[in-house]
Amino acid sequence: MPRGRRGGRVSALEAGREEEAPPAAGAVQSARWASGRQPEAAAELILLRGIFEIGRDSCDVVLSERALRWQPIRPERLPGDSKYDFLHREEFVELKDIFSVKLKRRCSIKQQKSGTLLGITLFICLKKEQNKLKDSTLDLINLSEDHCDIWFRQFKKILAGFSNRPKSLKILLNPQSHKKEATQVYYEKVEPLLKIAGIKTDVTITEYEGHALSLLKECELQGFDGVVCVGGDGSASEVAHALLLRAQKNAGLETDSILTPVGAQLPLGVIPAGSTNVLAHSLHGVSHVITATLHIIMGHIQPVDVCTFSTMGKFLRFGFSAMFGFGGRALAVAENHRWMSPNQRMDFAIMKALAKLKPEECEISFLPFNSSQDLEERRAQGYPKSDCNDQWQVIQGQFLNVSIMAIPCQCAVAPRGLAPNTRLNNGSMALITARNTSRPEFIKHLKRYASIKNQFNFPFVDTYTVEEVKVCPRSNSSGHNPEEDHGPRETASGNCFPWNVDGDLMQVASEVHVRVHPGLINLYGRSMEEMNDSKVTCSCL
């Protein structure tokens, strides 16, 4: 709905404290209800009923347990008026889509603390196209102080009942992400919405790689409802790893060898401010700052599977995805050219890795995914996966690349995802192997990720749905030798193999064992299936 016709400087007064009214991202459009299913109103308890001006119409407004409904007050119907029913159709907004309410006042330049009451402003979360969310406003205009106070208090009471919504957040901001835009993204787009929602924040700007990890190991988090990372995939992975390590420590588990880890105690929000934003894109279906922020404000929670990486029985780290071979080598090159811009660095690394493309001789063993009820019951009783299923399968040979992914790994260059058939929380991983082939054929395979064609429709590419994977290089002789480049070293040791784990370089000299743990961490967001299945909850869309 458009804002009220009365102009002037507007401010908001909430609970006796006045603050400047933030500019609306966009008012709810005055379009008649055309799609979506309207909530049943007959059996709902009516909480309040009154008259407000909405847009240019005086409306009969009804507040029930589930929705706010309104329709223009009907004049006497004229005979033969075919437009009457359409123009006076009832519109509604579901209460679960409202995230803030403020009193709307007109203030002159000299008035700093009070002004003429105009009515009430509701702040609403709307679902838009392509999985995006948008913040909007709905103005209920009424000049009566008493009338607006009753409605304002009722809205505040309703909003207080959404206990899943965060009231206090710990913010970790990486100022070096992408083109050093994370600070601007947070203070110009994220913080204003959090203030409108009344969420308290404590912001820490990280100063070096690993700062978030060391901070979350020791800092007090008892007063927070969640942790939010503003940065790229590396920052998000570091914060997730830190929250999970903290959970193991609080549970008294030995972190050198983690077989059955406990879940993180606080949900994690990811504000995409990096170059690829794979985690945010996989979570929301789009890399969009406002969408990610509104999922946090609304308290939408999505359990997400997490992998543990270990070698020789020793725990290495938590992560969502990994690449060995070409993916690891390309990242090793990129890490050695940090002085380049992110896009130039990655393009250069890919070209160099392709120029020196060579396979790794290794043995890959894995447990196929088994979702049978018996297996789930045995796991619930605490049995390790390896003891629940002895159907280990082994493949050997020369591999150009091995991908292990517990999330779809969507991004701008791979809109369908590196593992499009993987889900966020089904207890499985995608194992994708690319055997040795010619360079042109491998390049064709890589190019398919950016198109709508099937990137796996090649004779040298195999895909498996698995629960555990062991990648064992046949010998260390095929490990990267930095002297081949006659330049700077790209790995920590000539006997180590580079792994790309969530965009972070991990050097390992021997077998790597990867296990998936269902729903180990909660992220603020919703799966794309849930977003697509959700009903339109505002008749003004």
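Select Asn 500 first. Is this residue buried or exposed? Asn 500 counts as buried, because its relative accessibility is 12% and the cut-off for buried is under 20%. Bear in mind throughout that the model is predicted.

Now display the strand around this residue: Asn 500 belongs to E21, which covers residues 497-501. A polar atom of the Asn 500 side chain lies 2.9 Å from the backbone nitrogen of Gly 503.

Which residues does Asn 500 touch, if those up to four places away in sequence are not counted? Select Ser 321, Ala 322 and Met 323, then Gly 327, Gly 328 and Leu 331; these are the residues in question.

Centre the view on Val 190, where H3 bends by about 40 degrees. A proline, Pro 192, follows within four residues of that bend. Val 190 is also one of the buried residues of H3, which include Tyr 186, Glu 191 and Leu 194. Just after the helix, select Gly 198, which takes a positive phi of about 75 degrees.

Finally, show the whole protein. Its secondary structure comprises 13 helices and 23 strands. Of its 541 residues, 52% are buried. The protein exposes about 25100 Å², and carbon and sulfur atoms supply 50% of that area.

Key
Residues are numbered from 1 along each chain as its sequence is written. This is a predicted model: local features need pLDDT of at least 70, side-chain atom pairs count only at pLDDT 80 or more; totals for chains, interfaces and linings use all residues. Side-chain values use heavy atoms; hydrogens and water are left out. The bend at a residue is the angle between axes fitted to the seven residues ending there and the seven starting there. Helices (H or I, at least four residues) and strands (E, at least two) are DSSP runs, numbered from the N terminus. Buried means under 20% relative accessible area, exposed over 50%, partly exposed in between (1.4 Å probe, protein chains only). A polar contact is a pair of N or O atoms within 3.5 Å; within protein, one must be able to donate a hydrogen and the other to accept it, and residues adjacent in sequence count only if both atoms are side-chain atoms. Contact means heavy atoms within 4.5 Å. Accessible areas come from the Shrake-Rupley method with a 1.4 Å probe; for residues, only the protein chains shown count as cover.
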